[in-house]
Amino acid sequence: MVRNCREVKVREVRFLGAWDEPSDFVELTLDNPGWDGYRPGQFAMLRPKHWGLELSWGRPFSISRSDADSVTFFFQVVGRGTARLARLAPGDEVIIWGPLGNGFSVADQTPTLLLAGGMGIAPFRGYIEKHPTPEFLRIVFAHRASIDSYPYQLMKDMVRAESIHETSPDDLPMIIERIENEVRGAQGGIVLACGPLPFLKTIQQAARLHQIRAELSLERTMACGVGACLGCVCKDGHDKHVQVCARGPVFKADDVHI
Ligand SMILES: Cc1cc2nc3c(=O)[nH]c(=O)nc-3n(C[C@H](O)[C@H](O)[C@H](O)COP(=O)(O)OP(=O)(O)OC[C@H]3O[C@@H](n4cnc5c(N)ncnc54)[C@H](O)[C@@H]3O)c2cc1C
Ligand code: FES
């Protein structure tokens with residue numbers, strides 16, 4: 001057991017998306033085990049108490065937001081663990097450990113471009129809510145599912161926001177060009193990114209080319225979440241193996257191989 005491991009109760013399970021379609025996009029709200037001081041970009045490992053030996057490891061999720069009473073995660077059902085998490089009900093008990101990892105930088109009064117791809121939008125809700133000068137933030141969100149499947153509108157109400165809908169693989173060159181241009185235009189500010197690997201690679205290359213300060217949040221399959229199992233290693237800028245859970249998940253764009 002790690003130090004910040006707690007048993008908490010489920011408060012709400014909410015499916016996002018069009019009202020007349022089944023949804024795989026879930027907002028899971030739990031009792032807050034005292035994590036309001038978390039840094040956006042940090043994550044937690046979740047393991048419902050009733051999971052038997054069949055699913056021995058917890059699953060990692062970005063902390064999407066928290067307040068004094070509750071902590072919320074946003075996930076998509078992709079496999080056995082997330083399918084079971086989506087079936088939780090209020091009052092069910094979940095073991096959570098965290099907040100884990102480092103989190104994104106917060107630069108007061110500095111233009112900050114948030115680039116989110118798909119589920120990579122999750123940590124930015126809390127980031128926007130906690131930022132001391134949200135008027136300096138802008139989010140660009142690339143997504144495949146319907147926009148109602150994501151907590152995007154809430155963010156759009158708080159900061160300047162634009163979305164790019166990928167409706168077919170033919171849209172990809174346009175999206176890559178748009179993201180590269182967004183990074184290039186971020187001179188003098190910072191870029192924070194979370195999303196799938198090809199999305200992060202595009203941002204990393206553009207940031208290197210135009211010498212933009214950028215941070216990337218990486219996803220790896222994780223088992224322990226605390227640096228012990230070595231299941232999540234990647235190479236840093238000095239070609240050293242590092243655990244994404246302990247050294248990341250957020251890395252400077254010029255300090256990681258992805
Ligand atoms: C630091 C961190 C933060 C994350 N935050 C979120 C989040 O906020 N919302 C969200 O929806 N997901 C997030 N993920 C991904 C999430 O952990 C996986 O989707 C989840 O563990 C899959 O569990 P499963 O049992 O349903 O899938 P499994 O049955 O274990 O696998 C189903 C499929 O998902 C792939 N997969 C499993 N784990 C990962 C992973 N970590 N990254 C990429 N692919 C994976 C598998 O290779 C397989 O193809 C995060 C991952 C990390 C490491
Ligand atoms: S998940 Fe075990 S070392 Fe990172």
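How many bridges join strand S13 to S14, and in which sense do the two strands run?

1. Basis of the note. This is a predicted model, in which local features need pLDDT of at least 70 and side-chain atom pairs count only at pLDDT 80 or more, whereas totals for chains, interfaces and linings use all residues. Residues are numbered from 1 along each chain as its sequence is written, while chains are lettered from A and ligands numbered from 1 in the order in which they are written.

2. Domains. The protein is divided into domain 1 (5–100), domain 2 (104–217) and domain 3 (219–258); these bounds come from an automatic or database domain assignment. The centres of domain 1 and domain 3, taken over C-alpha atoms, are separated by 23 Å. Eight residues of domain 1 are in contact with seven residues of domain 3 (contact: C-beta atoms, placed from the backbone, within 7 Å). On the side of domain 1 that touches domain 3, strands S3 (43–48) and S7 (93–100) each supply at least two residues. Strands here are DSSP runs of E of at least two residues, and helices are runs of H or I of at least four, both numbered from the N terminus. The residues of that side comprise six nonpolar, two polar and no charged (nonpolar: Ala, Val, Leu, Ile, Met, Phe, Trp, Tyr, Cys and Pro; charged: Asp, Glu, Lys and Arg; polar: the others, Gly among them).

3. Strand S7. Six of the eight residues of S7 are buried, so this strand is largely enclosed by the rest of the structure (buried: 20 or more other C-beta atoms, placed from the backbone, within 10 Å of the residue's own). S7 is joined to strand S1 (residues 5–16) by five antiparallel bridges, with Lys9 facing Glu93 as bridge partner. S3 also pairs with S7 in the antiparallel sense over five bridges, and Leu46 has Ile96 as its partner. Pairing requires at least two DSSP bridges between two strands.

4. Ligand 1. The shell holds 20 residues, the closest being Phe75, Gly79, Gly81, Thr82 and Ala122 (C-beta atom, placed from the backbone, within 6 Å). S4 gives the largest share, four residues. By type, the shell divides into ten nonpolar, six polar and four charged residues. Domain 1 and domain 3 each contribute at least three.

5. The sheet with S13. Three bridges join strand S13 (residues 233–236) to S14, and the two run antiparallel; Val233 has Gln243 in S14 as its bridge partner. The open sheet has the order S14-S13-S16. S14 (241–243) and S16 (256–257) stand at the edges with a single partner strand each, so one side of each is left without a neighbour in the sheet.

Note on methods. Two residues are in contact if their C-beta atoms, placed from the backbone, lie within 7 Å. A residue is buried if 20 or more other C-beta atoms lie within 10 Å of its own, exposed if 12 or fewer, and partly exposed in between; C-beta atoms are placed from the backbone.
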